[in-house]
Amino acid sequence: MKKPLIVVNFKTYAESTGEKAVSMARYCEEVSHAHGVSIVAVPQIPDIYRVACSVKIPVYAQHIDGVGAGSFTGHVTADCILAAGACGTLINHSERRILLSDIDSAVRAAKKAGLTTIVCTNNIAVTSAAATLSPDFVAIEPPELIGSGIPVSKADPDIVRGAVAAVKKINPEVEVLCGAGISKGEDVAAALELGTSGVLLASGVIKAKDPRAALLDLVGKI
Ligand code: G3P
């Protein structure tokens with residue numbers, strides 16, 4: 001996938017659930033193709049199949065569990081989301097935190113299935129721990145800025161710089177994204193200047209009056 005990466009988390013917002021998840025993913029696809037920027041759609045798990053059948057951009061899950069096929073109930077397996085049409089997954093989002101040992105199992109299960117992995121982290125220490133598990137990406141997101149409209153890349157550039165430096169020391173193959181409060185092209189540009197490979201965002205697009213226009217603004221300074 002071409003860098004930088006814009007990962008749009010649909011969360012459980014009503015504006016991006018069910019058939020609206022398909023419309024939102026279509027906006028992402030249109031802007032991605034028109035501007036040659038990689039945009040990933042991350043709908044709720046039951047919406048993955050309908051979204052993946054409707055668009056040609058990458059579709060990721062919001063979570064998986066590190067269990068395989070067998071006697072497990074209420075879990076989400078890597079193989080199941082792959083079969084539904086996803087090609088990657090978030091793991092340990094701030095709103096869906098799991099134990100470090102479970103992050104490890106989830107990363108292993110995802111890798112075995114050939115899925116791209118983004119492990120979300122809340123500070124530099126957790127970012128360092130996540131990097132030792134060798135996911136494809138870690139995404140640093142200070143929880144207090146999530147949904148705030150205050151972009152991490154401007155409000156707390158040191159946490160982003162610190163995460164990039166820590167990951168580089170531990171495993172330079174792991175790439176860093178940042179998220180929380182990102183909504184404008186200038187926030188994305190600031191994130192890239194800090195050494196990230198892209199951004200993870202939600203409300204700036206999903207809750208925008210005109211999500212298509214919000215996406216166009218986001219890619220405008222790349
Ligand atoms: O997963 C993205 C996220 O937690 C940031 O949310 O609404 O601040 O872009 P938001």
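1. G179 stands opposite L200 in strand 8. Strand 7 (residues 175-179) runs parallel to strand 8, with 2 bridges joining them. Helices (H or I, at least four residues) and strands (E, at least two) are DSSP runs, numbered from the N terminus. On the other pairing to look at, V7 has L200 as its bridge partner in strand 8, and strand 1 and strand 8 are parallel, joined by 4 bridges.

2. A word on the source: this is a predicted model, where local features need pLDDT of at least 70, side-chain atom pairs count only at pLDDT 80 or more, and totals for chains, interfaces and linings use all residues. Residues are numbered from 1 along each chain as its sequence is written, and side-chain values use heavy atoms, leaving out hydrogens and water.

3. Now the sheet: 8 strands form an open, parallel sheet in the order 2-1-8-7-6-5-4-3. Strand 2 and strand 3 (60-61) are at the edges with a single partner strand each, so one side of each has no neighbour in the sheet. Two strands count as paired if DSSP finds at least two bridges between them.

4. Back in strand 8, G198 and L200 point one way, V199 and L201 the other way, and all are buried (under 20% relative accessible area, with exposed over 50% and partly exposed in between; 1.4 Å probe, protein chains only).

5. Finally, do look at helix 10 (residues 211-219), whose buried residues are P211, A214, L215, L218 and V219. These lie on the same side of helix 10, because they cover an arc of only 125° around the axis, taken from the directions from the helix axis to the C-beta atoms.
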